[in-house]
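Have a look at the model first, then read on.

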Amino acid sequence: MNLELTGQVAVIAGGANGMGRTIAKAFAAEGAGVALIDRDPVVEDVAQEVAGHGVETLSAQVDVTDFPALQAAATRVEENLGAVRHVVFTVGIDSGKGGFPFWNLDPSDWPRVYDVNVQGAVNTAHAFYAPMIARRQGTFLFFSSVAGQIGSQTDPPYSVSKAAILSFMQIAAKDFAAYNIRANAICPGMVQTPLQQRIYQFSTADLPDDERPTYDEWCAQKIGRMAVLGRLVSQEEIAAMVVFLASEHARNITGQALNVDSGWVMHW
Ligand SMILES: NC(=O)c1ccc[n+]([C@@H]2O[C@H](COP(=O)([O-])OP(=O)(O)OC[C@H]3O[C@@H](n4cnc5c(N)ncnc54)[C@H](O)[C@@H]3O)[C@@H](O)[C@H]2O)c1
């Protein structure tokens with residue numbers, strides 16, 4: 001399928017690692033210029049790697065909780081790469097602690113997760129929306145999770161933040177619709193990334209050494225229990241959905257939470 005994204009500009013917040021990095025490459029493979037925003041300094045190397053696809057790239061080492069820095073990055077992107085057409089917010093952090101029950105966490109474990117996962121998404125939308133609505137063209141995509149739909153106990157602040165993302169996405173979809181801008185959310189199932197590795201570490205830290213599964217065993221056991229297809233989702237499968245949603249083939253999809261999750265959560 002020709003997605004016709006050639007020459008368009010995509011911004012990937014959280015593009016230095018995990019799914020964001022794979023999504024940046026997927027946009028570049030479709031011929032789109034890519035701006036990568038991330039607090040991790042490796043973002044510069046990733047931008048160079050993505051440029052290997054023969055597209056223009058730009059990197060900005062920014063923490064998404066820093067709104068003025070995001071605004072400055074947005075101006076740089078418009079000036080150097082051109083009109084931003086797609087904004088993908090993949091940034092997400094865990095609390096670093098397991099739930100079961102939630103009072104195993106301290107109230108002070110919650111605000112940073114909200115600040116990055118929710119306020120970071122709001123800041124990013126604020127930083128980029130104005131020229132997009134003036135041009136009456138574009139898409140926003142926010143990363144939520146199945147955890148936000150099922151009251152997942154694994155990491156309570158994370159689950160609550162992912163539910164909040166869905167609400168913000170729906171508000172944005174309504175507010176942007178008159179400007180021909182779509183907003184959607186992706187809810188991945190279980191994808192092997194640095195974030196998933198961290199969740200494995202805190203979820204298994206208290207087990208005796210001889211009972212602790214390997215990372216691959218833990219992933220296989222969990223996905224086998226939770227999702228009807230029993231398969232991990234690959235980063236590339238997520239990226240394929242992201243570029244499809246950015247394309248005009250998805251012109252009538254807005255306000256949706258799309259689960260790419262091996263059948264973990266089902267809607268009708
Ligand atoms: N991996 C999974 O199984 C899974 C499942 C469901 C949802 N998700 C969601 O998908 C998204 C991508 O997840 P991932 O697994 O690729 O994560 P990851 O940890 O591998 O990558 C997240 C990126 O966000 C960046 N980041 C973190 N805090 C930041 C901040 N304050 N400012 C700027 N950048 C920041 C990190 O440096 C990193 O590059 C996240 O929103 C996550 O919650 C992941």
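The protein has eight helices and seven strands; helices (H or I, at least four residues) and strands (E, at least two) are DSSP runs, numbered from the N terminus. Keep in mind that this is a predicted model: local features need pLDDT of at least 70, side-chain atom pairs count only at pLDDT 80 or more, and totals for chains, interfaces and linings use all residues. Residues are numbered from 1 along each chain as its sequence is written, and side-chain values use heavy atoms, leaving out hydrogens and water.

**Overall shape**
- For 268 residues, a compact globule would have a radius of gyration near 18 Å, and the protein agrees, with 18 Å; the radius is taken over C-alpha atoms, and the globule rule is 2.2 Å times the number of residues to the power 0.38.
- The C-alpha trace spans about 55 × 40 × 40 Å along its principal axes.

**Packing**
- Of the 268 residues, 53% are buried, meaning under 20% relative accessible area with a 1.4 Å probe, protein chains only.
- Among contacts with a separation of 6 or more, 72% come from residues 24 or more positions apart; a contact means heavy atoms within 4.5 Å.

**Strand β5**
- Strand β5 covers residues 138-143, and six of its six residues are buried.
- One side carries Gly-138, Phe-140 and Phe-142, the other Thr-139, Leu-141 and Phe-143, and all are buried.
- β5 runs parallel to β4 (residues 84-89), with four bridges joining them; two strands pair if DSSP finds at least two bridges between them.
- Phe-89 has Phe-142 of β5 as its bridge partner.

Note on methods:
Buried < 20%, exposed > 50% of the residue type's maximum accessible area, 1.4 Å probe, protein only.
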